[in-house]
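Work through the exercises below with the sequence and the 3D view open. Try each task before reading its solution.

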Amino acid sequence: MTTRKHTALPKARTLIEALPWLTRHHGKTVVIKFGGNAMVDDELKRAFAQDVVFLRHAGLRPVVVHGGGPQISAQLELLGLASEFKAGLRVTSPEAMNVVRMVLAGQVQRELVGLLNEHGPLAVGMTGEDARLMSATKHYADVDGERVDIGRVGEITAIDPGAVRALLDDGRIPVISSVARSSDDGDASGVFNVNADTAAAALAAALGAETLMVLTDVEGLYEDWPNSDEVISRLTASQLEKLLPDLASGMVPKMQGCLHAVRNGVRNARVIDGRVQHSILLEIFTDEGIGTMVVPDPDPDPVPARTTDPHGNDVHHTAEGTA
């Protein structure tokens with residue numbers, strides 16, 4: 001019995017250390033963008049599913065938004081269709097759009113829902129088309145200052161999160177493919193490929209999420225890449241905005257998504273390394289974290305709260321104390 005107690009002690013300490021974070025995040029919505037290498041490595045996929053289910057059972061409300069870049073590219077190649085990217089976005093012809101829709105909703109989503117549901121009847125798959133969750137118009141890429149047509153790529157114009165909220169209230173884990181309906185009723189094709197980072201950020205803002213988490217294939221946002229692999233652990237929205245013009249094209253949608261989220265009500269946005277098993281839990285429940293966290297700019301001129309003292313005189317409470 002003594003040996004068993006000693007063996008269990010480290011596990012007990014780990015659980016106790018997580019208590020403040022569990023308390024802080026209880027009942028909060030966390031939107032997680034699933035992508036990168038984690039999508040094609042079986043062990044990482046399984047670890048990701050375990051993390052998301054853990055969050056759910058720990059009292060959080062996780063929502064998963066996924067892309068499927070590697071799988072889409074593989075299917076396009078199989079069909080003899082070209083893969084081309086401009087400004088970090090996939091050029092999507094009508095033929096490619098059919099492949100995107102099929103791969104995201106029929107392959108990636110179903111596999112992820114299956115992994116999550118190994119732990120109970122939790123996950124429900126849907127696309128941005130369902131219940132008019134996401135509406136979009138045609139997006140044009142900016143390449144060296146020139147407006148470039150990249151096909152059936154959409155820019156989100158509206159989010160109706162009612163169906164997602166209903167699933168969360170029912171204790172489910174929504175798993176959402178980044179495809180949106182056209183907001184133009186005269187659009188014959190009727191559907192757009194939406195960058196999953198952008199979709200996750202827009203949904204996080206619409207839900208009033210506590211956190212947006214973006215899984216990617218790097219450790220975070222590098223301070224001076226490629227001269228240094230030092231990762232910026234924390235920065236404000238304004239600091240990020242200044243860095244955006246110099247970022248690699250693949251990081252731009254991710255960091256733009258983080259910027260949009262924190263400027264529209266999300267308390268923080270995090271870019272983390274999806275190549276690390278259980279990276280979500282490491283980021284949320286440890287002091288150090290393992291990626292880059294973006295936070296809103298501090299209020300430059302906070303309005304002091306006004307109360308009265310026992311004699312009825314006005315008292316102003318400021319950050320420094322009582323005046």
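A charge sits over a ring if NZ of Lys or CZ of Arg is within 6 Å of the ring centre and within 35 degrees of the ring normal. The model is predicted, so local features need pLDDT of at least 70 and side-chain atom pairs pLDDT 80 or more, while totals for chains, interfaces and linings use all residues. Residues are numbered from 1 along each chain as its sequence is written, and side-chain values use heavy atoms, with hydrogens and water left out.

**Exercise 1.** Find the ring over which the charged end of lysine 138 sits, and do likewise for arginine 152.

Solution. Start with lysine 138: its charged end sits over the ring of tyrosine 140, 5.5 Å from the centre. Then take arginine 152, whose charged end sits over the ring of phenylalanine 192, 4.1 Å from the centre.

**Exercise 2.** Classify the pair formed by the rings of phenylalanine 34 and phenylalanine 48.

Solution. Step one is the rule: rings of Phe, Tyr and Trp (its six-membered ring) pair if their centres lie within 6.5 Å; planes under 30 degrees apart count as stacked, over 60 as edge-to-face and the rest as tilted. One aromatic pair is counted by this rule. Its centres, in phenylalanine 34 and phenylalanine 48, are 4.1 Å apart and the planes are at 20°, so the pair is stacked. Step two is location: phenylalanine 34 lies in strand β1 (residues 29-34) and phenylalanine 48 in helix α2 (residues 42-57), 14 residues apart. Helices (H or I, at least four residues) and strands (E, at least two) are DSSP runs, numbered from the N terminus.

Step three is burial (buried: under 20% relative accessible area, exposed: over 50%, partly exposed: in between; 1.4 Å probe, protein chains only). Phenylalanine 34 has a relative accessible area of 2%, so it is buried. Phenylalanine 48 is at 4%, so it is buried as well.

**Exercise 3.** Which elements cover the buried residues of helix α8?

Solution. First count: nine of the 11 residues of α8 (residues 252-262) are buried. Among them are Val252, Met255, Leu259 and Val262. Their cover includes α6 (196-207), β11 (211-216), α7 (237-243) and β13 (268-273).

**Exercise 4.** Which residues have the most contacts inside the largest nonpolar core?

Solution. A nonpolar core is a set of buried Ala, Val, Leu, Ile, Met, Phe, Trp, Tyr and Cys residues joined through side-chain atoms within 4.5 Å. The largest has 43 residues, and the answer is Val31, Ile176, Leu212, Leu240 and Met255. Helix α6 gives the most to this core, with seven residues.

Technical notes: Contact means heavy atoms within 4.5 Å.
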